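Please look over the structure below before reading on. The report then takes it from the overall chain down to single residues.

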Amino acid sequence: MKDKVVIITGGTSGIGKALAFEFGQRGSKILITGRSEEALKETAFHLSAQGIEVLPVRSDVTSEDDNRRMAQEAVRAFGRIDVLINNAGISMRAVFEEVDPEVIKKVMDINFYGAVYATKYCLPEILRNHGSIVGISSIAGFRGLPGRTGYSASKFALNGFLESLRTELLNSGVHVLTA
């Protein structure tokens, strides 16, 4: 992974932050996104302190324009994109009968459309470099869980998107992984 450019959405906490350190320690150049400027600065500081080359980009995955800008900034700073990890996500807990449909829409916008937008704008570079696209999913994307209707739906949608994309890119040299 030395000198590979890895974009990690939602890279300021949890799985995304751990992946940034893991790839960075293997010599990758890291672009992390997040909505909080403070969290981005803090994570970038800790990555840099470990000798990891990092570019923090304030970005909301639900914004198509932010995703376009994120891909452009990666190419501007590093000259390429090799790996996209669609990690940004949120959860929800409520039985469907009681949930506000706006909550489900927000979960879908972040967990599904965020991955669609990021992939759309990173794909030309990933194709050029025979790179990888990763989607962080959940068991809830394979088995619907009670009280998690919107979350399960978003992960089922993500899994279907990645499976279709994997088939479309089968002979392109691009690897698509659902984790």
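## The model

This is a predicted model, in which local features need pLDDT of at least 70 and side-chain atom pairs count only at pLDDT 80 or more, while totals for chains, interfaces and linings use all residues. Residues are numbered from 1 along each chain as its sequence is written, and side-chain values use heavy atoms, with hydrogens and water left out.

## The whole chain

The protein chain has 5 helices and 6 strands. Helices (H or I, at least four residues) and strands (E, at least two) are DSSP runs, numbered from the N terminus. Their order from the N terminus is β-α-β-α-β-α-β-α-β-α-β. The radius of gyration of the protein chain is 16 Å, close to the 16 Å from the globule rule for 179 residues, so the chain is as compact as a globular protein of that length. That radius is taken over C-alpha atoms, and the rule is 2.2 Å times the number of residues to the power 0.38.

The C-alpha atoms fill a box of roughly 50 × 40 × 25 Å along the principal axes. Of the 179 residues, 48% are buried. Buried means under 20% relative accessible area, exposed over 50%, and partly exposed in between (1.4 Å probe, protein chains only). Among contacts (heavy atoms within 4.5 Å) with a separation of 6 or more, 66% join residues 24 or more positions apart.

## Helix H2

Helix H2 covers residues 37-49. Its 13 residues should span 18 Å at 1.5 Å a residue, and its end C-alpha atoms are 18 Å apart, which agrees. The expected span is 1.5 Å times one less than the number of residues.

Which residues of H2 are buried? They are Leu40, Thr43, Ala44 and Leu47. These four cover an arc of only 100° around the axis, which puts them on the same side of H2. The arc is that of the directions from the helix axis to the C-beta atoms. An α-helix has 3.6 residues a turn, so residues three or four places apart point the same way. The buried residues of H2 pack against helix H1 (14-25), strand S2 (29-34) and strand S3 (54-58). On the other side of H2, Glu38, Lys41, Phe45 and Ala49 are exposed. Just after H2, Gly51 takes a positive phi of about 80°.

## Cys122

Cys122 sits in helix H4 (residues 101-129). Cys122 is buried, with a relative accessible area of 0%. Leaving aside neighbours within four places in sequence, Cys122 contacts Ile7, Met70, Ala71, Ile81 and Leu84. Cys122 and Met70 are 52 residues apart in sequence, and their C-alpha atoms are 8.6 Å apart in space.
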